[in-house]
Amino acid sequence: MATTDLKLEQPGSLTKPGPIGRVVRLGFGLASLYYVYSLWGVRSDLIAGDDSVRSLLWNGILPGLFLVSYVVNIGYSRDWKKWPAAISAGLLLAAAGIGYVRAGVLETPLLASTILWWELYIFAHLGLCFVLSAVLATPGCEMRAFHHLFSIVTGRPTHEHHCPVGPLSAIDRWETHLTGRADDE
């Protein structure tokens with residue numbers, strides 16, 4: 001089972017992704033950034049004609065809650081376990097509760113705005129990391145792409161992290177096995 005525990009590896013210990021892994025990362029990054037673009041496009045019209053929060057906003061709640069701990073823990077080199085997800089859920093529930101107390105309904109502009117800004121952060125951070133990791137061939141988890149860029153720019157090595165969830169680790173292992181690459185080329 002995937003864990004959000006921070007398990008940093010020594011610099012240079014993980015293999016860089018090959019062309020297939022990089023294209024997959026680019027695809028995930030562009031998909032995440034397209035979602036951010038779509039969210040930004042509805043930011044001034046968050047409530048639909050039937051007085052409900054736009055479905056576009058609801059689409060990112062479960063993936064966002066699943067991903068937020070990885071984005072924060074790995075992206076910022078913190079070992080806060082599932083706390084980012086718990087705090088996020090609490091924030092969203094608080095916005096729903098405050099909206100309900102004020103207006104008598106759960107789907108309010110307050111809840112919609114809270115969801116919007118929360119999702120904009122998560123999916124923008126994730127999308128930028130995916131794209132950057134595709135361009136730089138960041139070893140391991142794409143959430144370390146900004147750290148990898150820092151390492152390239154400054155010459156100071158930074159730790160690496162295996163991909164904890166999703167298909168990327170399997171693709172990287174398959175591609176390494178397929179091509180016979182065993183080291184960072």
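This report describes a predicted model of one protein chain, from its overall layout to a few local details.

## Overall layout

The chain contains seven helices and two strands. Followed along the sequence, these elements come in the order β-α-α-α-α-α-α-β-α. The C-alpha trace spans about 60 × 35 × 30 Å along its principal axes.

Of the 185 residues, 44% count as buried. Among contacts between residues at least 6 apart in sequence, 66% join residues at least 24 apart.

## Helix 4 and helix 5

Helix 4 covers residues 83-103, and helix 5 covers residues 109-136. The two pack with their axes 8 Å apart, at an angle of about 160 degrees. An angle over 145 degrees counts as roughly antiparallel, and helix 4 and helix 5 are therefore roughly antiparallel to each other. Their crossing is right-handed.

The contact involves residues from both helices. Helix 4 contributes Ser88, Leu91, Leu92, Ala95, Ala96, Ile98, Gly99 and Arg102. Helix 5 contributes Leu110, Leu111, Thr114, Ile115 and Trp118.

Helix 7 is made of the 12 residues 168-179. At 1.5 Å a residue, helix 7 should span 16 Å, and the distance between its end C-alpha atoms, 16 Å, agrees with this. After helix 7 comes Gly180, which has a positive phi, near 80 degrees.

Which residues of helix 7 are buried? They are Leu168, Ser169, Ile171, Asp172 and Glu175. These residues lie on the same side of helix 7, because the arc they cover around the axis is only 165 degrees. As background, an α-helix has 3.6 residues a turn, so residues three or four places apart point the same way. The cover over the buried residues of helix 7 includes helix 1 (19-41) and helix 5. On the other side of helix 7, Arg173, His177 and Leu178 are exposed.

## His159 in its loop

His159 is found in the loop that lies between helix 6 (145-154) and strand 2 (160-161). Is His159 buried, partly exposed or exposed? Its relative accessibility is 35%, so His159 counts as partly exposed; the partly exposed class lies between the limits of under 20% for buried and over 50% for exposed.

His159 and Pro11 are 148 residues apart along the chain, yet their C-alpha atoms are separated by 4.9 Å. Leaving aside residues up to four places away in sequence, His159 touches Leu8, Glu9, Gln10, Pro11 and Arg144.

Methods: Residues are numbered from 1 along each chain as its sequence is written. This is a predicted model: local features need pLDDT of at least 70, side-chain atom pairs count only at pLDDT 80 or more; totals for chains, interfaces and linings use all residues. Side-chain values use heavy atoms; hydrogens and water are left out. Helices (H or I, at least four residues) and strands (E, at least two) are DSSP runs, numbered from the N terminus. The expected span of a helix is 1.5 Å times one less than its number of residues. Buried means under 20% relative accessible area, exposed over 50%, partly exposed in between (1.4 Å probe, protein chains only). The arc is that of the directions from the helix axis to the C-beta atoms. Contact means heavy atoms within 4.5 Å. Axes are lines fitted to C-alpha atoms, for helices over the stretch in contact, and angles run from 0 to 180 degrees between N-to-C directions. Angles under 35 degrees count as roughly parallel, over 145 as roughly antiparallel, 65 to 115 as roughly perpendicular and the rest as oblique. A crossing is left-handed if the near helix is turned anticlockwise from the far one by less than a right angle, and right-handed if clockwise.
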